[in-house]
Amino acid sequence: MSWGTELWDQFDNLDKHTQWGIDFLERYSKFVKERLDIEQSYAKQLRSLVKKYCPKRSKEEEPRFTSCVSFYSILNELNDYAGQREVVAEEIAHKVYGELMTYSQDLKAERKHHLQEGRKAQQYLDHSWKQMDNSKKKFERECKEAEKCQLTFDRLDNDINATKSEVEKAKAQLYLRTHMADESKNEYAAQLQNFNGEQWKHFNNAIPHIFKNLQDMDERRTVKLGETYRSFAEAERRVIPIVSKCLEGMVSAAKAVNERKDSLIVVESFKSGFDPPGDFPFEDFSQNLSRSGSDGTISNTPKGERDKDGSPAPRSDPKHPTSRTKNKLWLFGKKPKAPSLEDFSHLPPEQRRKRLQQKIDELNRELQKEQDQRDALNKMKDVYEKNPQMGDPISLQPKISETICNMERLRSELHKNETWLSEVEGKHSSRGDRRHSADNHHQAPQGRESPEGSYTDDTSQEHHTPHPRRPSPAQPGNPNPDPHEFDDEFDDDDPLPVIGHCKALYSFGGQNEGTLVMAEDEVLYIIEEDKGDGWTRVRKQSGEEGYVPTSYVEITMEKSSKGAVTYI
């Protein structure tokens, strides 16, 4: 349906309609702008919320409870979700609002141009009509004047009293007016023909062309609105997969909350390693009182505190270890503060062992860095010796000497801390043996003591399963000799402690001896770190142990690392 043929006489209405179309477009643009502002504000508020509740401490100081870790994971997912809201806002700003504003300006300019052309055509047609109308009116006047002259001539010609000169003058006037009427007639006919031609062109060429342009412009506006509606929805739909992953991550974080593991972390964090205080002995202050056997009095001394011959138990020695347990009764009171010492002797045995283990791990890492730096400097020195133009090898000697001194200092500190750790572990083991013998004496061996001093009630771990040696690395290499090679054997009677957990990134067949089969996304417990050969020792939830490639898993180590005493 063409506007030019159907609406040839509706120029004013089409003017109003196209103006309404532009107004509607601008109204929709305003809606998109307000929607964009809401989206940007929402994303900004989400970012601020995440920043407000994100941990402000270092990761090492953060609690390792699964509930806390899951909450921080949810915050990370929420931060990613806020990023997707920002993506939506950016898409709407560029592909919807920006295009609408540009198109609105172009549309206004195009409409103005078409309407100006229509008004010009109408003005030209009006001008032609005025010329034709003026010639018509002139022709009408000339005809009336000619008629008057004709009447005057006829009257004088029939009047016998009229002179010949008057008749001739009337005749000449009639001729003149008749001639002028003929000229006006010809001019009117020409103007009429010209106007009819211009009017035909106006309503058959100019107006249809202009109206067609207006129709095309209005239809493009409608199409543009439809495209922006679609772009508006696509901006939301494109982020749905990532938003779904964020929500799935939140659900996974919620599922990762483990109340038993949190309880074990509490035990690991606050376990002192002290034995519970024993029974206080009865102190009989009536021993020095002389009593006659006939006075009928009965000794208040309990039987358990008497000797076999009936004599009362001896007075307890204030230096006896049980007397010192008074200083350890911190259950309902505040634990006395002690000054921080280098060997952490101010801490309870278990906490001291963990802190020493952490210190040893840090020193090992620093020592490894210094060794790597020394090796790199030595390689550079060799290169300089072979290629003097690249540098002076003597210039590296001070740095090499400094690195060696640092290594010696770190080794000294490492030896000192290892000595302290061995002392703590020796005392801990002896205390565990005493506890174990006491348990056997009381006939209640419900659990057994782990190598680290903790207990487990899982009787299924009592049997010993021989384990194979560590498999050969997946890729050939020359690893540094490991001073703890005896740790590579599965020859311990007790299970190794859990020092972290990992998630399988890929499936692993475990075809070699000593390896463990794992499925993708399976969660395993780490019981021994990678010693540089590319393999990590893990344990399944079923209790099965073995080695898996380190590059196949995503590892999360516990804070206390080797000092952990959690068993699965």
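**Note on aromatic pairs and a helix contact**

1. The structure holds 11 aromatic pairs. This is a predicted model. A pair of aromatic rings is described by the distance of the centres and the angle of the planes. Two of these pairs are taken up below.

2. Start with Tyr 28 and Tyr 229. Their ring centres are 4.8 Å apart and their planes stand at 85°, so the pair is edge-to-face. The cut-off for that label is over 60 degrees. Tyr 28 belongs to helix H2 (residues 11–53), while Tyr 229 belongs to helix H4 (residues 164–238). The pair therefore ties together parts that are 201 residues apart in sequence.

3. How buried or exposed are these two residues? Tyr 28 has 10% relative accessibility, so it counts as buried. Tyr 229 has 37%, so Tyr 229 counts as partly exposed. Buried means under 20%.

4. Now look at Tyr 42 and Tyr 81. Their ring centres are 6.4 Å apart, and the planes meet at 85°, so this pair is edge-to-face. Rings count as a pair if their centres lie within 6.5 Å. Tyr 42 is in helix H2 and Tyr 81 is in helix H3 (residues 66–158). The two residues are 39 apart, and the pair links distant parts of the chain.

5. Tyr 42 has a relative accessible area of 36% and is partly exposed. Tyr 81, at 17%, is buried.

6. How do the axes of H2 and H3 cross? They come within 8 Å of each other, at an angle of roughly 165°. Angles over 145 degrees count as roughly antiparallel, which makes H2 roughly antiparallel to H3. The crossing of H2 past H3 is left-handed.

7. What kinds of residue make up the contact of H2 with H3? There are 29 nonpolar, 8 polar and 11 charged residues.

8. The charged end of Lys 224 sits over the ring of Tyr 103, at 5.9 Å from the ring's centre.

9. Last, a backbone point. Asp 521 has a phi near 75°. That is a positive value in a residue other than glycine. Where is Asp 521 found? Look in the loop between strand S3 (500–504) and strand S4 (523–528). Asp 521 is partly exposed, with a relative accessible area of 47%.

Conventions: Residues are numbered from 1 along each chain as its sequence is written. This is a predicted model: local features need pLDDT of at least 70, side-chain atom pairs count only at pLDDT 80 or more; totals for chains, interfaces and linings use all residues. Side-chain values use heavy atoms; hydrogens and water are left out. Rings of Phe, Tyr and Trp (its six-membered ring) pair if their centres lie within 6.5 Å; planes under 30 degrees apart count as stacked, over 60 as edge-to-face and the rest as tilted. Helices (H or I, at least four residues) and strands (E, at least two) are DSSP runs, numbered from the N terminus. Buried means under 20% relative accessible area, exposed over 50%, partly exposed in between (1.4 Å probe, protein chains only). A charge sits over a ring if NZ of Lys or CZ of Arg is within 6 Å of the ring centre and within 35 degrees of the ring normal. Axes are lines fitted to C-alpha atoms, for helices over the stretch in contact, and angles run from 0 to 180 degrees between N-to-C directions. Angles under 35 degrees count as roughly parallel, over 145 as roughly antiparallel, 65 to 115 as roughly perpendicular and the rest as oblique. A crossing is left-handed if the near helix is turned anticlockwise from the far one by less than a right angle, and right-handed if clockwise. Ala, Val, Leu, Ile, Met, Phe, Trp, Tyr, Cys and Pro count as nonpolar, Asp, Glu, Lys and Arg as charged, and the others, Gly among them, as polar.
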